[in-house]
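The following report works through selected features of the structure shown below, beginning with a helix and ending with charged pairs.

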Amino acid sequence: MTVRDIFKIILDRIVLIVAIPFIFGSIMAVYVFHFVEPTYTVNTTLYVITRQNKSQITYSDYTLSELLMNDYKELGTSDRVYSAVAERMGVPPEVLRKMCSVKITSVSKSRVMNVSVRSKDPVFATNFANIMSTEFSSSLKRVMDADGVNVIDYATLPKTPSAPAKLQLTIIAAGVGLVLSVCIVLAMEFLNTTIRTAEDVETELKLPVLAKIPLLEEKANEQHNR
């Protein structure tokens, strides 16, 4: 089967090939736009430094800070910090953990830490992130003797949700439907053993074609009508 044959098969089944992606895309669009609750993400950044000499910062201070970043991340999601935040917000810690997910990352080759908070309530997420940043700073100073822990950027109320990516999911679903429809059409063609052309006779039966009789249905109908 040549590329030309494949294109012909696709053109003959173009309705099916268009219909399946449309159905897949429509189902995904209805699902993400009407049934999936949006999630909002807010971010706050902290600048953390630990040094022995208060008057100057040495290379060893940078190295030590990088090594301590993993400890800082663990402390940021500890019960100590969550309990302090929960007390200020008037929410039990277990409820707080269910309503918000926290991800703490460090910016490469720096002492800047990013605190990312995700929640279905944008106002709650913003308040949580800002309160957590201050409590996290206090805990770093008390527990790990960190110096100069300052909030660089406080979280601001997000205007749009961060998830789900509705348009992207719809396009992906339509793309999957397109691939599936093409596979179905090609499978139907390959499984069809009907002999339809002279070439099929030569290929399947290994017999030469001696003559071809053209279809004259339209001409016969005209003569019959007369």
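## Helix α7

In this predicted model, helix α7 covers residues 166-191, and its 26 residues reach 37 Å from the first C-alpha to the last, close to the 38 Å expected at 1.5 Å a residue. Its buried residues are Thr170, Ala173, Gly177, Ser181, Val185, Leu186 and Glu189, and what covers them includes α1 (3-12) and α2 (14-34). An α-helix has 3.6 residues a turn, so residues three or four places apart point the same way.

## Ser133 in helix α6

Ser133 belongs to helix α6, which comprises residues 122-144, and it counts as buried because its relative accessibility is 1%. A polar atom of the Ser133 side chain lies 2.6 Å from the backbone oxygen of Asn130. Beyond its neighbours within four places in sequence, Ser133 is in contact with Thr44, Leu46, Val151 and Tyr154.

## Salt bridges

The count of salt bridges comes to three. One of them joins the side chains of Glu37 and Lys120 at 3.8 Å, N to O; the pair links distant parts of the chain, with Glu37 in the loop between α2 and β1 and Lys120 in the loop between β3 and α6, 83 residues apart.

Arg97 forms a salt bridge with Asp79, the closest N and O atoms being 2.9 Å apart. Arg97 lies in helix α5 and Asp79 in helix α4, so this pair ties together parts that are 18 residues apart in sequence. Arg97 is partly exposed at 35% relative accessibility, whereas Asp79 is exposed at 54%.

Glu135 and Arg88 meet through their side chains in a salt bridge of 3.1 Å, N to O, which links helix α6 with helix α4 across 47 residues. Here Glu135 is buried, with a relative accessible area of 14%, while Arg88 is partly exposed at 49%.

Technical notes:
Residues are numbered from 1 along each chain as its sequence is written. This is a predicted model: local features need pLDDT of at least 70, side-chain atom pairs count only at pLDDT 80 or more; totals for chains, interfaces and linings use all residues. Side-chain values use heavy atoms; hydrogens and water are left out. Helices (H or I, at least four residues) and strands (E, at least two) are DSSP runs, numbered from the N terminus. The expected span of a helix is 1.5 Å times one less than its number of residues. Buried means under 20% relative accessible area, exposed over 50%, partly exposed in between (1.4 Å probe, protein chains only). Contact means heavy atoms within 4.5 Å. A polar contact is a pair of N or O atoms within 3.5 Å; within protein, one must be able to donate a hydrogen and the other to accept it, and residues adjacent in sequence count only if both atoms are side-chain atoms. A salt bridge is a side-chain nitrogen of Lys or Arg within 4 Å of a carboxyl oxygen of Asp or Glu.
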